[in-house]
Structure formats: C-alpha cells, structure tokens
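Please look over the model below before reading on.

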Amino acid sequence: KMTQQMRDLQLAQARKPPGPSSPNAAKRLYRNLSGKFRVNYTSFDEGSLVGRGEKEKLRKSYLFQSNAALFEAVELQDLDRVQEMLKHYSPEELDLNTPNSEGLLPLDIAIMTNNAPIARALLQAGAKESPHFVSLESRSLHLSTLVREAEQRVNELMAQVVNEAPNADCSEKEKQLKAWEWRFRLYKRMKAGFEHARVPDAPSSVHLSVASSTSLQVTFWEPLSVNSAVVTKYKVEWSCSPTFSPLLGEAVIDKLKDLHFTIQGLVSGTAYHVRVSAYNMKGWGPPQASTPPFAIPSNWREYDGRAPRRRGQAEALDHLLGQVKTVHQHCICHEPCKNQPQSRKHSVSKSLKHLFHPGSKFLKTLKRGLYLTAIFYKDDNILVTHEDQIPVVEIDDTYSCLLMQDFLWLTKVSCMWDEILWLRQCVTVSQSSCSCILQTRFKMLLAISQMQGLLGIQDLGQVFFEPIKDKQGNILIVTLKEVKTNQTFESVRWVPICKLQSGRKSVSSPEEPTALDTLLISLQDKLAYHQRSSHALSPGLYLGYLKLCSAVDQIRVLVPEQLPNILCHVKIRSNPNISREEWEWLQKMASVEEPVPTEPETDRSQNPLFQELQVAIKELMTLVNIPLQEAKDFRLYSQEVLDFGDQVSFLLLLPPSDDVCTAPGQNTPYTPRSGFLTLPLQIFELGEE
C-alpha cells in the first residue's frame with residue numbers, strides 16, 4: 001500500500017511543478033503559498049466567477065494551499081509560522097486532521113521530530129494523531145517504509161543525474177534529487193525520534209476537589225521529564241477502592257487546552273479514589289494518584305439540609321405581580337390598559353424620527369427643575385436629537401430637591417420599563433389622596449412615558465447611581481443603555497462623543513457648570529461605569545469584604561470601581577463549591593469564636609481551605625488598605641455561603657460588629673486606596689441581580 005502511495009505521489013509530482021530543491025527553497029515555497037492564501041477566497045470578485053462549480057474549485061484550491069503550507073511549516077519547524085496560521089485559520093480551513101499522501105498528520109511530524117512547542121500548539125488547536133497508527137508495530141513499519149522508499153527514490157534520481165548529459169531535464173532532476181534528499185533526512189529523523197522515545201512519566205501532580213454533591217473536579221499537570229515524547233492525551237480513572245479494583249469509570253482527555261476534568265454522576269457521601277496517566281506515541285505511562293488520595297462528593301447545604309435561598313423566588317414575584325394586576329382589572333385604569341398594545345405600536349411606528357422632528361418636546365436648556373435624560377451609545381458614538389442635543393425631558397419644574405427615596409423608587413421602576421403605562425394609570429387612581437410623593441412619582445412616570453414615546457424605545461436602560469445636581473437648582477436623572485446589535489434605525493443621528501463634547505457651547509462658567517455641562521464632561525466615566533457594572537466574575541470561590549457607611553437618608557456599600565456590581569473581593573480558588581467537610585470546619589471555627597486565620601498552625605497545615613483563606617485574607621487586607629494585624633478582629637460570616645448561580649460563590653469577611661457600618665461623623669482610621677466607590681445599598685442590590 002505504501003509503495004502504491006509513493007507511486008501515486010511520483011506521478012502527481014510528474015504532473016505538477018517540481019518540489020523544493022532544499023530546505024530554504026521549501027521555506028520560500030510555503031511562504032509564497034501562505035502569502036497567496038492569506039487573502040480570504042470570498043474576497044475575490046464573485047462576478048468574475050462562472051457559476052458555483054468554479055467557486056467550489058477555488059475554495060478547494062485555497063484549502064489545499066492552506067493544508068500544504070501548514071505541513072511545510074511543521075516540517076521546517078517554523079513555530080512562528082505555525083502559530084500564525086493556527087491563529088488566522090480554523091482547523092477545518094487548514095484540514096488539520098486530514099492525512100497527507102504519506103498517511104501523516106501535522107501532529108505526527110511534530111511529535112516524531114520531538115518538536116514539543118509546535119506539538120503543543122497543534123494540540124491546543126485540536127490536532128489529532130493519525131488513526132493509521134493503531135499499534136507501535138504499525139507506526140514502526142510505516143516509518144521504515146517511508147525511509148526505504150525515500151532512499152530508493154534518491155538513488156534512482158542520483159543515477160539519472162549522473163548518467164544523463166547536462167540539459168534542461170537534467171536540471172529538473174537535480175532539483176527533485178535535492179528535495180528527496182531533504183525528505184529522506186526528515187523521515188530518518190522521525191524514525192530515530194520514534195525509536196529513542198519512551199513512555200511518559202506520570203503526571204507531575206494531580207489535585208482532587210469536590211465540585212458538587214454529585215461530582216469531583218480533577219486538575220493535573222504535565223510530567224516533569226523532558227526526555228520522553230510529547231504527551232498527546234491523558235486518562236482519568238476512578239474507583240471506590242484504593243487498589244482501583246473494580247474500576248468504576250475512566251475518561252480519555254485529548255483536548256489539552258485545559259488540563260482538568262469533572263467526574264459527573266457520582267453518589268453523594270461516597271469516597272472516590274482517582275488517578276491520572278499520560279500517553280504518548282510509545283503508549284501509556286504509569287498512573288499518578290491524586291492529592292488528597294480520595295474525596296467525597298458533597299455540598300455545604302447538606303450540613304443542615306438547607307434549601308437554596310432563591311429557589312422559587314422569581315416565580316413567586318411573578319405570581320405576586322399577576323395578583324396585583326388582577327386586583328386592578330376592575331379599576332378605572334383597566335380600560336386604558338386594554339389599548340396599551342395599540343398605543344405602543346403607534347409609538348414604535350414613529351420610531352426615532354421624533355429625534356429630528358421640529359415639534360419634539362426634547363429640551364435644550366434646563367430651567368431649575370427635575371429632568372430625565374437617556375444616553376444611548378454604541379462604541380464611541382452617542383444618540384442625539386436633530387439639534388445635536390442629548391435627549392432630555394422635564395419631570396417637574398417646581399421640584400428643587402430630589403428626595404433620595406423618590407430616586408431609589410425610580411431605580412426600581414427601571415426594572416419594569418414595559419409596564420410604565422400600567423403603573424402610570426394605577427398611580428392616577430391613587431392620586432385622590434393628594435400625596436406629594438405620589439404626585440412626584442406620577443410625574444416621573446409621565447416623563448418616562450414621554451421619553452419612550454419620543455424615542456420609540458421602551459427600554460431606557462440602567463439608571464446611573466446618583467443624579468447630577470448644579471448650583472442653579474437643576475437635578476438630572478441619567479439612564480444609560482448600550483446598543484450592541486447591528487440594528488439600523490432610519491434617520492438616526494449618531495455623533496462621536498468627542499465631537500459632541502467639543503462642539504457644545506456652554507452657557508455656564510467653569511466654576512459653576514450646569515447639570516448638562518457636568519454630564520458631558522463626565523460622560524466617558526459614566527459610560528465606563530455602565531459597562532463595568534455588567535461584567536461577570538469568572539467561575540470560582542471568592543472572599544468578599546462587607547463595609548457599609550450610613551448617611552441621613554441612605555446606607556452605602558463599598559465596591560471596586562472595576563466591578564461596581566460586586567463587593568470588594570479576591571479569588572480564593574477556581575472551584576466554587578464548599579464541601580460539607582469544609583463547611584463543618586468553618587462552623588467549628590466560628591463556634592469557638594476563633595479569630596480570622598492569618599498565621600499558619602501546624603495542626604491545620606493539612607487543610608487546603610485554611611491555607612487558601614490565609615492567602616486570600618492577606619491579599620484582601622492589602623487591597624482595602626487595612627493592616628494585617630487588624631484582621632485578627634475580623635470575622636467570617638458563617639451563616640451561609642453566598643451562591644450566585646452555579647459557578648460563583650462568596651465567603652464574607654466582616655469587620656468587628658461596631659465597624660461594619662460607619663455612622664455619620666465616625667472616624668475611619670483605614671480608608672481604601674483609589675479604585676473604590678460607595679453605592680447606595682438599593683442601587684447595589686439592583687446591580688447585583
């Protein structure tokens with residue numbers, strides 16, 4: 001079979017241009033080819049192509065050149081070029097796992113020439129070994145055949161070059177001879193690499209942790225030895241017996257971008273032993289037992305059988321809202337509510353054309369009152385009216401001091417933008433009490449409806465955590481929304497933020513800017529806050545620091561500027577689960593009122609969580625600028641673990657009870673460094689959702 005393959009290769013070479021005459025020539029060849037396929041084939045003028053068949057031919061030619069250039073780059077051990085091609089092209093475009101005419105894959109060449117960097121790059125991209133090598137004997141036979149037939153071809157070409165008179169054909173044969181001599185040396189190097197390789201050592205370390213009440217997380221590291229061939233896959237085995245007899249299960253991991261595996265479907269409360277072994281072209285190496293030697297799937301809630309805090313809460317709130325709406329069905333406001341879909345349709349049909357309609361009710365200046373502005377942005381552009389103004393509507397022209405409770409009520413309303421008409425009609429009925437608070441909130445709902453109608457957009461986004469005030473008596477409430485889709489709006493004007501800021505003619509002095517001027521000056525900061533407040537933490541267990549400060553009308557919480565929707569925190573580990581055994585240890589520590597662990601103790605040195613907490617507490621104290629000795633009076637919140645979904649959980653670090661919440665006028669000897677801010681507690685709770 002191999003002889004037939006080589007004959008086919010020789011016939012193909014007789015029909016195509018000669019191969020590279022030397023390694024340098026081969027290098028030039030694949031670089032020329034790669035330069036040609038660097039341009040995507042879809043960028044050609046499709047009008048010049050005749051039918052779909054020709055397009056398909058062009059595509060296949062493009063993919064063939066990509067595949068050939070990758071083989072050349074691997075054979076010439078050009079790591080930079082291999083990485084560049086893997087970065088710009090998908091495995092499918094490169095035909096990464098399609099054997100060449102010699103029955104080899106790029107990964108085969110890399111591992112048999114013992115080029116570990118290229119082999120690792122290929123493995124992370126999803127490269128596989130050739131399926132033809134089902135045994136050591138088959139691989140050895142295949143390599144011997146390649147070497148023998150390459151040597152035979154070299155001898156044939158050498159005889160032809162020696163016996164023929166110098167002419168054009170002779171020059172062509174000399175080029176072929178040089179190319180085959182180079183390939184002969186490559187195959188000999190691959191054969192020698194295979195013969196001198198040995199099975200891999202055991203993985204250098206295997207760490208076992210409890211991922212949930214029915215799963216375990218296995219993390220492992222490469223063998224330390226550099227004398228064996230490149231490892232191409234790993235095997236994870238688990239059993240209830242330390243002798244691994246009987247074996248309960250095994251899994252082969254050939255995707256080596258991340259060296260970890262989660263064993264699912266285990267029985268809670270049962271001890272499992274785990275071991276991992278590595279594989280290379282010479283076979284499987286010895287297994288490495290995990291540390292600790294076994295683990296028991298469990299979760300901290302099993303300690304007292306506690307149900308998840310938020311189980312059913314969303315459904316209960318939806319049911320409660322439905323009941324409230326049912327009660328209001330027979331109110332005066334119910335009839336207008338029936339027309340809501342039609343009104344909304346009419347509003348949407350107007351869309352954003354109102355931004356440029358001369359009769360729109362957007363304001364250009366503020367005249368002592370309470371106002372609402374909506375900031376819609378996309379990349380570095382912002383949505384403006386036909387007069388290049390940020391959309392602003394009036395809430396109340398007689399309202400000179402915004403009560404914090406009204407503002408916080410509005411932030412909760414922002415969770416129900418689609419229900420504004422219904423809320424407004426219900427508040428209308430309730431105005432018989434002539435409550436000033438209800439009148440103010442009704443005007444807020446009116447302003448929101450006006451903004452939604454003028455923009456033709458229901459969702460106005462997130463309310464910024466504090467209104468903008470100026471010395472002229474103006475108060476500006478700001479909503480922020482990022483437009484991420486490629487949706488196009490007719491006649492919409494997007495203006496670069498820098499152009500809007502530089503082009504505005506201020507009517508105020510730099511010493512006493514108006515609320516609108518202040519908004520424009522701080523616009524980038526507000527947009528950055530809005531983007532950061534939607535970022536999510538990577539999976540893991542975190543240590544959070546709870547610090548509050550109170551004022552006359554609100555309580556504020558300390559948060560980092562980079563993640564204002566999360567408490568100040570540091571990451572403890574990547575596994576978010578707290579096992580039952582770990583939670584029992586935390587409960588014992590809390591029951592004897594021990595201080596927070598900051599110094600190691602010999603009897604606890606074997607507790608991984610204790611060691612992880614030590615590191616995390618020191619890092620957190622440095623982050624919030626609190627001397628480490630002060631942490632001895634801090635406490636770990638031991639009532640529960642705060643779970644945010646299945647992938648993120650928090651342990652809370654609390655200051656002494658008298659210092660959890662700083663009262664107005666109370667001295668705080670330790671203040672965090674720059675990079676922190678305080679949010680109203682209600683705003684933080686909304687952002688946390």
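This is a predicted model: local features need pLDDT of at least 70, side-chain atom pairs count only at pLDDT 80 or more; totals for chains, interfaces and linings use all residues.

1. Buried means under 20% relative accessible area, exposed over 50%, and partly exposed in between (1.4 Å probe, protein chains only). Ser449 is buried, at 16%. Ser449 sits in helix α15 (residues 436-455); helices (H or I, at least four residues) and strands (E, at least two) are DSSP runs, numbered from the N terminus.

2. Residues are numbered from 1 along each chain as its sequence is written, and side-chain values use heavy atoms, without hydrogens and water.

3. A salt bridge is a side-chain nitrogen of Lys or Arg within 4 Å of a carboxyl oxygen of Asp or Glu; the count is 18. One of them joins Glu222 and Arg120 (3.4 Å, N to O). Glu222 lies in the loop between β2 (215-221) and β3 (233-239) and Arg120 in helix α7 (residues 116-124), so the pair ties together parts 102 residues apart in sequence. Glu222 is partly exposed at 37%, and Arg120 is partly exposed at 39%.

4. Asp406 and Arg441 also form a salt bridge (3.1 Å, N to O). Asp406 is in helix α13 (residues 404-413) and Arg441 in helix α15, 35 residues apart. Asp406 is buried at 2%, as is Arg441 at 18%.

5. Four strands form an open, mixed sheet in the order β23-β17-β18-β24; strands pair if DSSP finds at least two bridges between them. β23 (661-662) and β24 (676-680) each have a single partner strand, so one side of each lacks a neighbour in the sheet.
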